[in-house]
Structures are given as structure tokens and as C-alpha cells.
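Please look over the sequence and the structure shown below before reading on. The report that follows takes up a few features in turn.

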Amino acid sequence: MSRMFTGPLVGTPIEFEGKSFAEDASHCTDAVLCAVACAIWPKKTAANWAVAAGVQERMVKYWMAGTYPVSDTGRRAIVR
């Protein structure tokens with residue numbers, strides 16, 4: 001399993017567990033985004049993602065639980 005994330009250059013694909021994702025992340029499911037967030041921030045995932053996305057930690061916990069879909073700012077925070 002590859003957990004390599006390539007650089008933040010525009011157009012650079014992000015590879016996660018053998019799958020490549022375009023940098024816009026518009027086609028990624030919320031489950032994939034949550035898995036990537038956990039790989040980026042293995043400890044305090046919700047707190048770190050909240051800071052990066054500019055939202056409350058509670059909202060990120062809702063995203064991770066599947067209560068609400070991940071917002072555009074949440075998606076951008078993962079891709080950056």
C-alpha cells in the first residue's frame with residue numbers, strides 16, 4: 001500500500017493506497033477524504049483538519065461520522 005502524497009503543485013496528482021486523485025478533489029468521496037485526512041494528520045485529525053479548513057472541530061467530526069458532506073473548504077484543505 002502506497003501512502004505517498006506528492007507536492008502541492010497545481011496539477012500534481014495525489015496518490016493514496018495505489019489510487020491517483022486529481023488535485024481538485026471534486027470527484028473524491030467523503031470516505032476517501034477522511035482516509036487521506038487521517039493519513040496526513042494521524043493524531044488529532046479533526047482538530048488539525050478544522051484549523052486547515054477554517055471550521056469548527058465539531059463540524060469536522062460530523063464530516064468524519066458521515067452526518068454532513070465535506071464542504072468545499074474541507075476538500076481544499078486536504079488537497080493543499
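## Aromatic pairs

In this predicted model, the structure holds two aromatic pairs. One of them is formed by Tyr-62 and Tyr-68, whose rings are arranged edge-to-face, with 5.4 Å from centre to centre and 65 degrees between the planes. The term edge-to-face applies because the angle between the planes is over 60 degrees.

How accessible are the residues Tyr-62 and Tyr-68? Tyr-62 has a relative accessibility of 33% and therefore counts as partly exposed, and Tyr-68, with a value of 43%, also counts as partly exposed.

## Overall make-up

The protein has four helices and two strands, and when its elements are followed from the N terminus on, they run in the order β-β-α-α-α-α. Of its 80 residues, 31% count as buried. Among the contacts in the protein that have a separation of 6 or more, 33% are accounted for by residues 24 or more positions apart.

## The packing of H2 and H3

Helix H2, which covers residues 45-53, packs with helix H3, which covers residues 57-65, at an angle of about 115 degrees, and the axes of the two helices are 8 Å apart. This angle makes H2 roughly perpendicular to H3, since angles from 65 to 115 degrees count as such. The crossing of H2 and H3 is right-handed.

On the side of H2, the contact is made by Thr-45, Ala-46, Ala-47, Trp-49, Ala-50 and Ala-53, while H3 contributes Glu-57, Val-60, Lys-61, Trp-63 and Met-64. When the residues in the contact of H2 with H3 are sorted by class, eight are nonpolar, one is polar and two are charged.

Is Ala-37 buried or exposed? Ala-37, which lies in helix H1 (residues 30-40), has a relative accessibility of 0% and so counts as buried. Buried here means under 20% relative accessible area.

If the neighbours within four places in sequence are left aside, Ala-37 is in contact with Thr-45, Trp-49 and Ile-78. Thr-45 and Trp-49 are also among the residues of H2 that make the contact with H3.

Terms used: Residues are numbered from 1 along each chain as its sequence is written. This is a predicted model: local features need pLDDT of at least 70, side-chain atom pairs count only at pLDDT 80 or more; totals for chains, interfaces and linings use all residues. Side-chain values use heavy atoms; hydrogens and water are left out. Axes are lines fitted to C-alpha atoms, for helices over the stretch in contact, and angles run from 0 to 180 degrees between N-to-C directions. Angles under 35 degrees count as roughly parallel, over 145 as roughly antiparallel, 65 to 115 as roughly perpendicular and the rest as oblique. A crossing is left-handed if the near helix is turned anticlockwise from the far one by less than a right angle, and right-handed if clockwise. Contact means heavy atoms within 4.5 Å. Ala, Val, Leu, Ile, Met, Phe, Trp, Tyr, Cys and Pro count as nonpolar, Asp, Glu, Lys and Arg as charged, and the others, Gly among them, as polar. Rings of Phe, Tyr and Trp (its six-membered ring) pair if their centres lie within 6.5 Å; planes under 30 degrees apart count as stacked, over 60 as edge-to-face and the rest as tilted. Buried means under 20% relative accessible area, exposed over 50%, partly exposed in between (1.4 Å probe, protein chains only).
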